[in-house]
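Take a look at the model below.

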Amino acid sequence: MMEKINSLSAYFKEYENSIEDPENFWSEIAKTFQWQKTWDNTFSWNFNGPDVKWFENAKLNITENIFERNLHTHSEKTAIIWEPNDPNEKSIHISYKELFEKTCQFSNALEANGIKKGDRIIIYMPMIPEAAIAMLASARIGAVHSVVFAGFSSSALADRINDCQAKMVLTSDGNYRGAKNIEVKAVVDEALEKTNTVGKVIVCKRTGSKVQMKTGRDLWWHDVIKNQSLQHKAASLDSEDLLFILYTSGSTGKPKGVVHTTAGYMVYAQYSFLNVFQYEHDDIYWCTADIGWITGHSYIIYGPLLTGATTIMFEGVPTYPHPGRFWEIVDKYKVNQFYTAPTAIRALQAKGLEPILPYKLDSLKVIGSVGEPINEEAWHWYHDNIGKGNCPLVDTWWQTETGGIMISPLAGITPNKPAHASLPLPGVQPVILDAEGNELKGNNVEGNLCIKFPWPSMIRTTYGDHKRCKDTYFSTYPGTYFTGDGVKRDHDGYLRILGRVDDVMNVSGHRLGTAEVENAINEHSGVIESAVVGYPHEIKGQGIYAYVICSINDQAESDLIKEIIATVSKIIGPIAKPDKVQIVSGLPKTRSGKIMRRILRKVASKDFSNLGDTSTLLNPDVVEEIIEGANI
């Protein structure tokens with residue numbers, strides 16, 4: 001079994017080993033897994049390609065490492081606790097043996113419906129156990145899953161189906177989310193009008209909503225699993241075979257399909273989970289994310305289940321039916337490790353301390369933060385009121401592209417410092433570069449965060465467009481992976497993440513490209529041009545501020561703004577709705593036509609102190625007009 005780091009001196013020693021002899025370091029960790037054939041070479045890499053391979057020519061199946069590797073020791077242990085949206089509905093406890101049988105059963109159902117190794121499957125489902133089973137069954141037969149957050153619009157869903165040429169969609173009749181019942185199947189039907197690769201849709205009955213079932217294409221989940229065997233022999237996969245594609249927003253309009261492969265992702269998911277959260281055998285672990293995001297993949301499903309942990313899946317939202325719901329669940333299941341986003345923390349902080357008072361929260365041993373840098377005020381509120389001042393707070397930095405946590409305190413081992421991600425995990429080699437690509441060594445420096453050496457769970461490509469992968473991550477600073485984040489190393493050598501340095505906004509922990517939102521706004525017939533920037537938002541971290549030039553019409557401005565917001569919601573999803581829309585006559589542009597977003601960001605952030613020299617702009621007068629009309 002994999003040993004975890006148990007002291008600060010052990011961390012420094014392990015970190016040093018991982019840098020001096022990475023081949024032996026990762027090889028020893030990988031030996032704790034079950035392989036159908038071991039590797040010929042631990043890794044090879046070239047960031048110019050990029051071309052990265054881990055555990056070359058090994059054969060394995062990640063689900064054998066969740067089930068066959070562990071079942072002899074904990075078949076009766078609870079794998080997943082499912083907590084429904086409505087606290088009056090019964091929760092479900094699924095043992096490892098039951099989860100194995102359900103995974104095998106659905107694996108057989110997928111194969112019976114024409115899915116084979118390498119086929120892409122879209123999962124567009126609520127946070128119900130079937131979503132986890134869908135991921136595991138896909139991995140078991142060697143298909144490639146692409147989970148799409150079930151709050152995305154039909155257009156966003158269609159884009160993802162078309163990009164990966166998916167053969168099947170797995171969905172539900174509806175989703176419960178707080179007080180809402182969302183008709184998900186209707187969104188899928190609409191998306192499929194714009195696609196031509198999907199042969200089958202399997203629908204899980206969740207809400208009982210009336211849905212249209214298309215003959216020959218649509219099947220009910222409960223029908224397809226009928227009479228299927230509870231046994232299934234796992235497919236043999238190469239270490240670099242695709243495990244999943246997860247779409248993430250970039251600085252250009254089209255979402256990128258981030259590709260993760262089997263062996264390296266598996267090894268790093270367990271290693272990082274075990275060490276960051278310091279998981280013990282009988283702990284109850286809860287990550288509040290959705291499986292539509294990488295956090296749900298690595299730290300609700302794969303990391304915990306590979307470790308043999310008990311992981312909670314929560315269908316609902318933090319404030320329904322009351323703002324103490326998170327804390328009620330923590331006490332109900334005696335949660336030991338709790339992992340959530342700064343957005344949720346700030347939203348609950350805004351409700352005051354009263355919703356926390358009825359709950360003990362004395363089972364908590366570790367609390368964690370994910371999705372964006374956590375501000376100091378929220379860090380202290382979370383540490384003092386939820387962790388009661390004695391729980392280590394793991395402020396984790398990582399990305400969809402990294403596959404797993406890269407920089408974070410190890411719970412109870414790394415001394416905590418508010419709002420600092422702190423130190424890299426063993427095997428992770430961060431560097432700070434200035435704008436010209438020079439490395440800034442020593443402490444008290446600030447620059448661009450890059451990684452100079454590969455790690456097992458890193459992105460391999462962007463699906464169907466390898467050049468885009470190179471251009472986005474490996475071209476800005478050749479020879480390194482560029483994260484797109486700014487970072488500061490303080491006097492203790494601790495790293496503090498400063499947020500995005502490119503045109504990507506971090507809204508409630510979700511990355512949204514400015515171009516993606518602008519493209520959606522521009523779909524409105526009355527819009528000529530738009531520019532979108534992020535601005536500080538007390539709950540979301542960053543809000544979306546849109547400056548919009550419209551054609552002259554008689555429509556009331558307030559109605560026009562409502563329509564623009566609705567257009568974005570329809571095209572991308574409610575997650576991308578602008579918080580503020582300002583109608584303007586022009587945008588500040590350089591003489592070459594480039595929009596000066598720096599100025600727009602400052603205006604949106606109410607920072608008029610140093611707008612720089614605006615006299616060289618093509619239209620300097622527009623800056624004053626924008627400041628006067630600013631919606632702040």
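H510 is buried, as its relative accessible area is 17% (buried means under 20%, exposed over 50%, partly exposed in between, with a 1.4 Å probe and protein chains only). H510 lies in strand 26, residues 510-513. Strands (E, at least two residues) and helices (H or I, at least four) are DSSP runs, numbered from the N terminus. Beyond its neighbours within four places in sequence, H510 is in contact with W293, M505 and I575. Contact means heavy atoms within 4.5 Å.

This is a predicted model, where local features need pLDDT of at least 70, side-chain atom pairs count only at pLDDT 80 or more, and totals for chains, interfaces and linings use all residues. Residues are numbered from 1 along each chain as its sequence is written, and side-chain values use heavy atoms, leaving out hydrogens and water.

Now the helices. The axes of helix 7 (residues 154-164) and helix 8 (residues 184-192) come within 8 Å and cross at roughly 55 degrees. Axes are lines fitted to C-alpha atoms, for helices over the stretch in contact, and angles run from 0 to 180 degrees between N-to-C directions. Helix 7 and helix 8 are therefore oblique to each other (under 35 degrees is roughly parallel, over 145 roughly antiparallel, 65 to 115 roughly perpendicular, the rest oblique).

Which residues meet between helix 7 and helix 8? From helix 7 come S154, L157, A158 and I161; from helix 8 come V187, V188, E190, A191 and L192.

Helix 8 is largely enclosed by the rest of the structure, because seven of its nine residues are buried. Those buried residues are V184, K185, V187, V188, D189, A191 and L192.
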